[in-house]
Amino acid sequence: MINRAANRQANKIFLRACIGTAIALPLLVALPHALSVYWQSVLVLFTINAVSLMGYRLITTMGGWSFAHISTAGLGAYTTAVLTTLETPWSFWATFFLGALIAGAFAMIIAYPVLRTRHYYFFLSTFAAGEALRQCYVQFSGITGGTYGISFIPRPEPILGMDFGNSTGFYYLALALAVVVGLLLYRFDLSRLGNTIKAVAANEELSESIGINTWALRTLPFVMGSVVAGFSGVLYANFNGLINPLDFSSVLMFKLVAAAIVGGVATFWGPLVGLLYLTALEEVFRDFTQWIPLLWGVSVLAVILLAEGGLEMVIIRLVRRARRWWGSPGDRPPGGARQRR
Amino acid sequence: MQIVANIIFLSTFYVSFAVGLALVFGVMRTINFAHGEFYMFGGYALWMLINAFTGILPPGATFIVALIVGAAVVGILGILVQLSIFHRLREQPFSIFMATLGLSYVLQVAVVKAIGPMGQSVPAPFPGFILFEGMVLPIQRLVVFGFTVVMMGGLYLFLMHTDLGRAVRATAQNRTGAMLQGISMNHIALTTMFVGSALAAISGVLMGSVLIISPFMGGEALWRAFIIIIVGGIGSLSGAVVAAFLFGIIDTLMTTFGAGKFAPMVDAIIMLLVLSFLPSGLLGARE
């Protein structure tokens with residue numbers, strides 16, 4: 001009974017999110033037409049990063065902050081880069097799914113050892129595994145082009161009359177992926193399975209003692225998140241046209257981690273707010289590129305030391321205060337929760 | 001025989017870098033991500049002092065001054081980090097970890113802006129070679145090896161034969177037990193951060209005399225150090241030394257026999273295998 005009620009509740013929230021997306025979609029579709037070419041490419045990269053970050057947030061729900069996410073995305077990128085620049089090139093659409101599959105397979109292989117570790121220990125082992133994978137991109141220059149990487153990666157061939165040669169067309173592809181991945185992951189987050197994963201993260205021993213397969217529930221989000229990373233890597237390679245190992249370095253990994261910390265990971269949209277903030281920072285200080293990791297680092301320190309929970313908590317608190325101000329009855333916490341203040 | 005010499009040189013590098021990280025982890029139960037940047041500061045301390053004292057002091061003497069000054073300055077920096085980050089976020093190891101991750105980028109960019117992103121190298125303070133039994137032994141490398149042995153010996157004496165060292169070990173073994181004995185956790189944390197950071201700086205000065213000094217040298221060394229302390233068993237100093245020699249042997253042999261490009265992959269696979277079958281590492285205590 002409780003399950004069915006919870007499911008109905010989840011469906012209701014999800015429906016609201018779908019309606020919200022449907023309303024926002026025309027705006028998002030019109031957006032590139034209002035922007036210069038430069039800002040269009042910023043928008044495309046933001047959308048690709050957002051996809052990757054949604055996968056990352058899924059991984060964090062199981063309690064582990066992977067540091068191999070960007071290197072895993074690199075597997076997708078190198079898959080498409082290698083196969084679409086062969087003498088008899090593969091179709092982009094084939095490599096699109098193959099790249100994601102390879103990223104997922106890599107995650108599944110390293111899942112057994114790295115998921116034996118917890119917390120920051122997990123962070124370390126994934127950091128080492130990810131960095132070793134990145135070193136492979138440098139070292140196996142016969143396949144990956146070494147430090148020079150691979151260039152002349154073609155844009156996806158048109159389908160249904162859609163041309164992906166320009167930034168606007170490519171943006172629609174990235175946006176379509178972001179919307180599909182976003183809605184699927186959001187529904188997953190609301191589902192019983194998604195909640196069980198969070199329960200395992202909160203207390204693994206207790207979850208195991210009531211018969212939950214904690215092993216599977218830690219592997220599943222790790223692999224799913226890595227598949228999403230693979231998709232984002234494929235798009236990145238095709239959008240940029242050239243890739244090299246520096247595109248998957250720890251600075252970019254730090255950007256994702258920083259987005260998740262600055263935004264917070266308790267809500268689905270928290271990391272995206274963080275990414276928006278970091279990207280804005282990057283564009284404001286566009287002429288001072290070398291300072292940017294410092295600004296990100298300072299933001300992370302400030303959030304950890306001063307604003308626990310990240311921007312999402314700040315926003316939630318502001319919204320609550322605004323609602324109380326307007327006297328909206330809908331948001332009163334049930335029972336005597338208020339009285340404790 | 002040259003291989004043996006190379007193994008020893010590479011292993012001393014791994015030992016000197018990883019041991020400070022392992023010490024801090026053992027006591028604080030968290031990783032100081034800025035350890036790599038502290039190491040980099042050691043390298044720059046050597047570079048700056050060599051530039052400042054050329055013609056005033058012999059390079060060998062400058063090298064020793066750099067060891068002392070670098071260790072002291074970075075040790076104090078470690079104390080500042082302890083007071084501003086570790087102490088404020090105590091009981092939240094994950095937040096400490098993320099905060100030091102942020103800090104490491106702050107320090108890295110600070111050095112890039114202050115000195116420049118280009119790598120620097122210093123002339124060897126102790127130049128020359130010794131030819132011995134068909135081995136070519138650069139004197140600077142031997143000096144680095146000697147100082148690493150001295151550093152490890154000093155750390156051993158400190159931990160095993162002083163009251164403060166015993167208190168540090170007691171804290172690493174059992175926090176509550178140590179507290180019940182009247183050991184001040186704040187005091188131990190400050191000591192550990194000072195010693196751990198000073199070790200990073202000493203390692204940086206030593207390695208700065210043979211490697212290229214750049215703002216990114218810490219990050220490059222860090223992931224190897226993570227592999228070493230994971231394989232050795234997190235928090236175990238002896239485990240870190242054993243693993244450092246293990247990887248010194250493996251990496252040197254692979255480079256010598258032309259398989260150097262597989263080294264990062266093989267190292268990572270060894271780490272993953274160790275995690276699969278011995279999750280607490282070679283010599284780590286079960287948690």
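**Close-up views of chain A**

**View 1. Helices H3 and H4 of chain A pack at an angle of about 145°.** This is a predicted model. H3 covers residues 69-84 of chain A, and H4 covers residues 92-114. Their axes lie 8 Å apart. The crossing of H3(A) past H4(A) is right-handed.

**View 2. Residues from H3(A) and H4(A) make the helix contact.** H3(A) brings A:Thr72, A:Ala73, A:Leu75, A:Gly76, A:Thr79, A:Thr80, A:Leu83 and A:Thr84. From H4(A) come A:Phe92, A:Thr95, A:Phe96, A:Leu98, A:Gly99, A:Ala100, A:Ile102, A:Ala103, A:Phe106 and A:Ala107. By class, the contact residues are eleven nonpolar and seven polar. None is charged.

**View 3. Chain A is divided into two domains, domain 1 and domain 2.** Domain 1 runs over 2-248. Domain 2 takes in 250-333. Their C-alpha centres are 21 Å apart. Domain 1 of chain A puts 16 residues into the contact, and domain 2 of chain A puts in 13.

**View 4. Helices H2, H3 and H7 of chain A each supply at least two residues to the side of domain 1 that touches domain 2.** H2 spans 37-61 and H7 spans 167-190. H2(A) gives the most to this side, with nine residues. H3, the helix that packs with H4 in chain A, is also one of the contributors here. The side of domain 1 of chain A that touches domain 2 has ten nonpolar residues. Four polar and two charged residues complete this side.

Methods. Residues numbered from 1 in each chain as written. Chains lettered and ligands numbered in written order. Predicted model: local features only at pLDDT ≥ 70, side-chain atom pairs only at ≥ 80, totals over all residues. Axes fitted to C-alpha atoms, helices over the stretch in contact; angles between N-to-C directions. Helix = DSSP H or I, 4+ residues; strand = E, 2+ residues; numbered from the N terminus. Left-handed = near helix turned anticlockwise from the far one by under 90°. Contact = placed C-beta atoms within 7 Å. Nonpolar A, V, L, I, M, F, W, Y, C, P; charged D, E, K, R; others polar. Domains from an automatic or database assignment.
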